[in-house]
Amino acid sequence: MFKYVLLIAFLASVCAVEDDAHAHVMRDYKKNDAHGHFEYGYEVTNGIGGEESGDQKSVHGEFHFTTKDGTPVKVTYTADENGYHPQGDVIPTAPPTPPAILRALEYIKNHPRVDKDKEYHKH
C-alpha cells in the first residue's frame, strides 16, 4: 500500500512539472490607439496570466498565478504620478504604529524645536 502512495505522489509531482514544461499561451492580445492608450493581456495554460491598460499618465492591471503548493495568487496594481500601488493578499503590510510612537510624533509636531543660538543672535 505504501508503495502505491509513493508512486501516486511521484506521478503527481511529475505531472505538475510537465504542466509547466508544456505550458503554452492560450490567449494574448495587444491594443494601442493613436492617443497613447494601450491594453494587453495574456493567459497561459498553467494558470499564469495578466492584464494591463492605461495611457501615458497612469496604468492599472493585474497578474495571477498558482504556487507549486496550489495557492492561487492575484495582485492588482495601479501606477501613476504617485508611484506603484500593488494590492493583494501576498503583499506584506506594515504593522500598526505603536501608541507610544504616535504620541511622541504628536508631541514633536506640537512642540517644534527652537534653536537657542538663532534666538540669541536675533536680539
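Among contacts in the protein between residues at least 6 apart in sequence, what percentage join residues at least 24 apart? The figure is 6%, where a contact means heavy atoms within 4.5 Å. This is a predicted model, in which local features need pLDDT of at least 70 and side-chain atom pairs count only at pLDDT 80 or more, while totals for chains, interfaces and linings use all residues. Residues are numbered from 1 along each chain as its sequence is written, and side-chain values use heavy atoms, leaving out hydrogens and water.

**Overall layout**
- The protein has three helices and six strands, which are DSSP runs numbered from the N terminus (helices: H or I, at least four residues; strands: E, at least two).
- Along the sequence, the pattern reads α-β-β-β-β-β-β-α-α.
- Of the 123 residues, 12% count as buried (buried is under 20% relative accessible area, exposed over 50%, partly exposed in between, with a 1.4 Å probe and protein chains only).

**Aromatic pairs**
- Searching the whole structure turns up two aromatic pairs (rings of Phe, Tyr and Trp, its six-membered ring, with centres within 6.5 Å; planes under 30 degrees apart are stacked, over 60 edge-to-face, the rest tilted).
- Phe63 and Tyr77 form a tilted pair, because their ring centres are 6.4 Å apart and their planes stand at 40 degrees.
- Phe63 sits in strand E4 (residues 59–66) and Tyr77 in strand E5 (residues 72–80), so this pair ties together parts 14 residues apart in sequence.
- Tyr77 and Tyr84 are also tilted, with centres 5.7 Å apart and planes at 40 degrees.
- Together, ring pairs link Phe63, Tyr77 and Tyr84 into a cluster.

- Tyr77 is buried at 11% relative accessibility.
- Phe63 is partly exposed at 30%, and Tyr84 is partly exposed at 48%.
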